[in-house]
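Please have the sequence and the model open while I talk.

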Amino acid sequence: MTTSLAQVVGASEYGAASLDRGLAHLAEQAAWCAPGSCGATVTAVTDDADDASTAATHPDLSTLVTAQLETGDGPIPAALDTGREAAADDLLHDRRWPVFRARALDVGVRSSATLVFSRDALTVTVSVYGFRPGPLRQEAHEATEMLGDLALTSFVRDRRYRRALAEVDQLDTALRRRPVVDQACGIAMYVLGCDAEEAFDLLRRHSQRSNRKLADLAEVVVRTRGHGLEGELRKLRREAGPAADAAADAGPRPAG
């Protein structure tokens, strides 16, 4: 069964697809691999996000997931809280989750089983539902354990890849803007008569105090040749200590 499921899912498919598309595909495959179920849902929660991403094979099941996440009542919140599977063999008699039970019975769902998978700050739940009472644990395990683990691995790989791309983009932006920062440091050195290290520190502190990015401040310094910022830079320099204060009292060199 493992081989056939791997062929059905396709390991690279999740890595190439967006998280939402991957979740939808996982829900479809979980339902397909559990013939005793009437459908499946999937949720994904990351440590850096307030809301969960969800997917369902039917709108009624999607509503059922939303109700669970909003109220914290149901097998999905239970699985997320405990890190263990949560199942109901017959919701007509199982009264652990009153809100979920009422919503489920209203759409004809009598049983459910939810498995949870967690790795690298990403937690995925896979749930299967049945119109008839009876244990779905075994079918849930057969249908989702390998699918969920495979999908989770691919989702994690995709998130790492996207983070790496973002870091590369940030580094590229920083490298492209570095010459402007160097020019601004040169102007500050000329105006204040300080060295490169002190000039950079003064610009950095001024950017923090004015709540502006260092590169944006540097562009202003280069454009104005430091005019209008001398007073603030001297003030920051005096705050650095007596030695800097004494040097500042000697007066700045005129800006060209």
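This is a predicted model: local features need pLDDT of at least 70, side-chain atom pairs count only at pLDDT 80 or more; totals for chains, interfaces and linings use all residues.

Just after helix α5, glycine 83 takes a positive phi of about 75°. Residues are numbered from 1 along each chain as its sequence is written, and side-chain values use heavy atoms, with hydrogens and water left out. When I say helix or strand, I mean a DSSP run, H or I of at least four residues for helices and E of at least two for strands, numbered from the N terminus.

Staying with α5, the residues Pro75, Ile76, Pro77 and Ala79 are buried, where buried means under 20% relative accessible area, exposed means over 50%, and partly exposed lies in between, with a 1.4 Å probe and protein chains only. What do the buried residues of α5 pack against? They pack against β1 (39-46), α4, β3 (86-88), α6, β4 and β5 (122-130), and contact here means heavy atoms within 4.5 Å.

Let me take α4 from that list. The axes of α4 (residues 59-71) and α5 (residues 75-82) come within 8 Å and cross at roughly 50°, which makes α4 oblique to α5. Angles under 35 degrees count as roughly parallel, over 145 as roughly antiparallel, 65 to 115 as roughly perpendicular, and the rest as oblique; the axes are lines fitted to C-alpha atoms, for helices over the stretch in contact, with angles running from 0 to 180 degrees between N-to-C directions. Val65, Gln68 and Leu69 of α4 meet Pro75, Ile76, Pro77 and Leu80 of α5 in this contact.

Strand β4 (residues 111-119) holds serine 112, which counts as buried because its relative accessibility is 0%. Among the residues that serine 112 touches, leaving out those up to four places away in sequence, are Pro75, Phe100 and Tyr129.

That brings up phenylalanine 100, which is buried, as is tryptophan 97. A search of the whole structure finds one aromatic pair, and tryptophan 97 and phenylalanine 100 form it edge-to-face, at 6.2 Å centre to centre with 75° between the planes. For such pairs, the ring centres of Phe, Tyr and Trp (its six-membered ring) must lie within 6.5 Å, and planes under 30 degrees apart count as stacked, over 60 as edge-to-face and the rest as tilted.

Helix α6 (residues 98-106) is also where leucine 105 sits, and leucine 105 is partly exposed, with a relative accessible area of 29%. Beyond four places in sequence, leucine 105 touches Leu91, Leu92 and Arg110.

Finally, helix α8 (residues 196-209) and helix α9 (residues 214-224) pack at an angle of about 110°, their axes 9 Å apart, and that makes α8 roughly perpendicular to α9. The residues making this contact include Phe200 and Arg204 of α8, and Leu217 and Val221 of α9. Alanine 215, also in α9, is buried, with a relative accessible area of 14%, and its C-alpha atom is separated by 7.5 Å from that of arginine 178, 37 residues apart along the chain.
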